[in-house]
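Please walk me through this structure, beginning with the ligand site and then moving to the helices.

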Amino acid sequence: LVSRKKQPEDTVITVKGVEFGGGRPILIAGPCSVESYEQVRSVAENHVKRGLRVLRGGAYKPRTSPYDFQGLGVEGLEILKRIGDEFNLVTISEIVNPADLELATRYIDVIQIGARNMQNFELLKAAGRINHPILLKRGLSATIEEFIYAAEYILSEGNKQVMLCERGIRTYEKATRNTLDISAVPLLKQETHLPVFVDVTHSTGRRDLLLPTAKAGLAVGADGVMIEVHPDPDVALSDAKQQVNIPQFNHILDELLASGLYK
Ligand code: PEP
Ligand code: MN
């Protein structure tokens with residue numbers, strides 16, 4: 001069902017007037033974790049000033065260590081709902097438990113399935129049974145074929161509103177957090193009709209590589225880029241090292257606009 005051979009034309013997913021995969025690149029930005037109303041609000045205010053429409057923020061955080069911040073849960077979803085309504089922003093947040101999907105549809109506009117859950121088949125099937133846009137991230141060690149099959153799981157249950165996100169894979173390279181597989185973008189665009197995004201924060205894990213990799217992603221045909229931005233990254237409860245602050249984020253945005261790759 002995801003195959004370009006079955007459907008030659010691009011899938012376009014429209015949410016609150018924002019077209020994902022509609023030809024104009026989309027910047028998905030926001031903090032790694034939703035930490036407070038004020039924190040998300042600072043980012044949202046900047047979004048409105050800069051004409052951005054899509055806000056991300058994690059409420060359920062799949063952390064490597066059980067002792068790390070696990071997210072605010074429903075309280076985080078409530079914050080996103082309030083700010084999404086207040087600023088007319090499309091909100092994206094990860095859901096990790098099939099039992100939370102139905103509830104999440106009432107709070108957020110796009111449900112993210114994270115890298116660690118790309119092959120959580122019960123979650124994929126449950127996501128296929130709701131009528132809500134899904135952003136599916138590539139697994140840490142997933143091949144392109146496995147990634148495509150994961151998307152197929154969702155579509156096969158009826159939900160056709162699926163977007164893909166390359167977020168870096170595990171290799172022997174230690175200079176970056178993961179290795180951004182840039183060729184995945186044109187490959188996924190050729191093989192499937194789904195919108196394809198590039199997450200430059202989790203793939204590189206390096207602030208100094210966000211801009212060049214964002215440009216690279218857009219240059220090879222990504223439908224948009226995901227970047228994590230936090231009002232004060234030094235005190236962030238997750239991904240403190242690679243989130244950018246608002247001025248740094250605005251600089252990246254200015255440079256992307258100047259490059260002509262992002263409009
Ligand atoms: C995220 O986007 O918040 C996240 C945890 O990313 P990933 O699943 O790609 O690691
Ligand atoms: Mn993060």
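Around ligand 1 lie C32, G58, P62, E94, G114, A115, R116, K137, R167, D199 and H202, a residue being near if its C-beta atom, placed from the backbone, lies within 6 Å. By class this shell holds three nonpolar, three polar and five charged residues; Ala, Val, Leu, Ile, Met, Phe, Trp, Tyr, Cys and Pro count as nonpolar, Asp, Glu, Lys and Arg as charged, and the others, Gly among them, as polar.

This is a predicted model, in which local features need pLDDT of at least 70, side-chain atom pairs count only at pLDDT 80 or more, and totals for chains, interfaces and linings use all residues. Residues are numbered from 1 along each chain as its sequence is written, while chains are lettered from A and ligands numbered from 1 in the order in which they are written. The protein chain averages a pLDDT of 98 (the predictor's confidence in each residue, from 0 to 100).

Helices (H or I, at least four residues) and strands (E, at least two) are DSSP runs, numbered from the N terminus. In helix 2, G76, L77, I79, L80, I83 and G84 are buried, that is, 20 or more other C-beta atoms lie within 10 Å of their own, against 12 or fewer for exposed and in between for partly exposed, with C-beta atoms placed from the backbone. They sit on the same side of helix 2 because they cover an arc of only 155° around the axis, taken from the directions from the helix axis to the C-beta atoms. The face turned away from the buried side of helix 2 carries the exposed residues E75, D85 and E86. After helix 2 comes N88, with a positive phi near 50°.
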